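Open the model in your viewer and keep the selection tool at hand.

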Amino acid sequence: MGAAVTAVLSAAALPSASAASATGPVDRTTVASFDRMAEAVLSQRTAALVDKAPAQHDALGADAHVGLAAGLARAEDTASSSLRTRKARLAVVGEAYSAGSTKVSVDKVRVSGGRADVEVTETTTLTYKKIRGDEPATTGFQAHHMVTFASTSHGHWELTGIKNVDSGVPAVNQPAPPVSKPADVDPPEATPAATSWPAASKPKAATGGGNNYAAMAAYAEKYWSKYNPAYPQFNGAGGDCTNFVSQALKAGGWKNVPGEDSDYHNWWSGSDSQSWSWVGADEWSWFALSSKRVSNLANVYQLGVGDILQADFDRDGSKNHSMIVTYLGLGGMPYVTYHSTNTYRRSVASLVMSNPNAAFYAYRT
C-alpha cells in the first residue's frame with residue numbers, strides 16, 4: 001500500500017457487525033464512513049495538483065477497522081503520480097493552483113452479499129495561483145462516482161474501487177484514461193487545432209454578425225451547475241455538453257434553422273424535441289461549419305469568449321465533447337465552461353495536459 005494514500009486512508013470505522021453479512025439498508029454511521037472514505041481518496045487526487053495540499057480529515061484519525069484494498073492503493077498512488085506530472089506540465093505553460101477543496105456527498109447506497117455500491121457526488125474547487133495575474137479566481141466542477149466497498153472475513157469493510165460515471169470529459173483531478181485506439185485514424189471533417197503554447201494572436205471582437213459573445217458566456221456561467229428548466233437535459237442519454245453549448249449560443253444570438261431533426265443542415269430546439277445538431281457533437285460541428293456560422297482556428301489557444309472547443313479523446317474520428325469559452329485571460333489563456341462533467345472556467349491548458357492523446361477542434365463563432 002502506498003505511503004501517501006495510507007497516511008490519509010489509514011482507517012474509517014464502520015460498525016464491525018454490519019460488514020460480514022451485509023445486505024439491505026445500512027445505518028447512518030456506516031453511510032457517514034462511506035462518505036469520509038470516498039472524500040479522502042478524491043481529496044488525495046486534488047492534493048496532487050495544488051501547491052498547498054488540502055488539510056487531511058481529522059475525523060479519519062478516530063476511526064478503525066476499515067482498510068483500502070491493496071490493488072486500489074496502488075492504483076491511487078499511480079493516479080497521484082500522474083497528477084503530479086500533470087501539475088509540472090501545467091507549470092510550464094504558466095498555470096498552477098494555490099489551493100483546493102474536495103467535498104463528497106452520498107446519493108445512494110446499495111448493499112447485497114457483502115458488497116456496498118455507493119453513488120456519490122464530488123464537488124471540487126481549485127484556486128488559481130496568480131502567475132500572469134489575469135487568471136480567474138477559481139475553477140470548479142461536480143462529478144459523480146460509484147464507490148465500491150467489500151466486507152472482509154473479519155467483519156470489516158474494505159474500499160475496493162472508485163469509478164467515475166459521468167459521460168463527459170474527465171474532471172480536473174481525474175487521471176487521463178488509457179487510449180486503446182490508434183492515433184493515426186482519418187481525421188473528421190473539422191480541422192484539428194494545434195495545442196502548442198503560446199499561439200499567434202487572433203483577437204476577436206465583443207460582438208459580430210448579430211452575436212453577443214458576452215451573453216453566451218454569461219448564460220453558460222449562470223447554468224453550469226444549475227440547469228435551465230426551460231430545456232431538457234441529456235446526462236443519462238449520451239451527455240449534456242452539446243445541448244448546453246447550443247443553449248448558450250442561442251442566448252447569444254444564434255437563430256433556429258427549422259427542418260427535419262436528422263438533417264445536420266438544421267439546428268433547433270422545441271418544447272418536446274430538438275434537432276440532432278442541437279445535442280450531438282459531430283452533428284453540431286457539421287451544422288456549424290456547413291452554415292458558415294463558425295470557422296476553424298489553427299490553435300486552441302486562439303479561442304476567444306463565445307468560441308467553441310471540441311475534443312475527440314480517443315481519436316476515432318468522432319467528437320466526444322463540446323465546451324464554450326467563458327473567460328479569456330489578458331495573457332491569452334482561454335477558460336471553458338461545460339456540462340458533463342459540470343465544470344466552470346477550466347483552462348484550456350488543463351484540458352490539453354489532462355488529455356495528451358486527444359484531438360481538439362477550435363471554432364471561431
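Start with S10: six of its eight residues are buried, so this strand is largely enclosed by the rest of the structure. Buried means under 20% relative accessible area, exposed means over 50%, and partly exposed lies in between (1.4 Å probe, protein chains only). Strands here are DSSP runs of E with at least two residues, helices are runs of H or I with at least four, and both are numbered from the N terminus.

This is a predicted model, in which local features need pLDDT of at least 70 and side-chain atom pairs count only at pLDDT 80 or more, while totals for chains, interfaces and linings use all residues. Residues are numbered from 1 along each chain as its sequence is written, and side-chain values use heavy atoms, with hydrogens and water left out.

**The strands around S10**

Pick Ile324 to find its bridge partner in S11, Thr337. S10 and S11 form a hairpin with five residues between them, and Gly332 in the turn has a positive phi of about 100°.

Next select S9. S9 is also antiparallel to S10, with four bridges between them. Which residue of S10 is the bridge partner of Ala311? Select His321 to see it. On S13 (residues 359-364), Ala311 stands opposite Phe360; S9 and S13 pair in the antiparallel sense over five bridges.

Are the faces of S9 covered or open? Both are covered: Ile308, Gln310 and Asp312 are buried on one side, and Leu309 and Ala311 are buried on the other.

**Helix H2**

Move to H2, residues 28-47. Its 20 residues reach 28 Å from the first C-alpha to the last, close to the 28 Å expected at 1.5 Å a residue. The expected span is 1.5 Å times one less than the number of residues. H2 is mostly covered, with 15 of its 20 residues buried.

**Charged pairs**

How many salt bridges does a search of the whole structure find? It finds 11, counting a side-chain nitrogen of Lys or Arg within 4 Å of a carboxyl oxygen of Asp or Glu.

Select Lys319 and Asp282. Their closest N and O atoms are 3.3 Å apart, in a salt bridge. This pair links distant parts of the chain, 37 residues apart: Lys319 is in the loop between S9 (308-312) and S10 (321-328), and Asp282 is in helix H8 (residues 281-290). Both Lys319 and Asp282 are buried. For a network, select Asp51, Lys87 and Lys129, which are joined by salt bridges that share partners.

Two further pairs are worth a click. Asp117 and Arg115 form a salt bridge at 2.8 Å, N to O. Asp117 is buried at 16% relative accessibility, whereas Arg115 is partly exposed at 43%. Glu135 and Arg132 form another, at 4.0 Å, N to O. Here Glu135 is buried, with a relative accessible area of 5%, and Arg132 is partly exposed at 28%.

The last stops are a cavity and a pocket. On a 1 Å grid over the protein atoms alone, a cavity is a set of points where a 1.4 Å probe fits but cannot get out; a pocket is an open set with protein on both sides within 12 Å along at least five of seven lines, and lining residues have an atom within 4 Å of a point.

The structure holds one cavity of 30 Å³ or more. The largest cavity contains about 40 Å³ of space. Its lining is Tyr227, Asn228, Tyr231, Pro232, Gln233, Asp240, Asn243, Gln247 and His339.

Finish at the second largest pocket, with a volume of about 310 Å³. Of the 23 residues that line this pocket, select Lys202, Pro203, Leu303, Gly304 and Leu328, which lie nearest its centre.

Terms used
Grid points are joined across faces, edges and corners, and a volume is the space filled by probe spheres set on the points. Two strands pair if DSSP finds at least two bridges between them.
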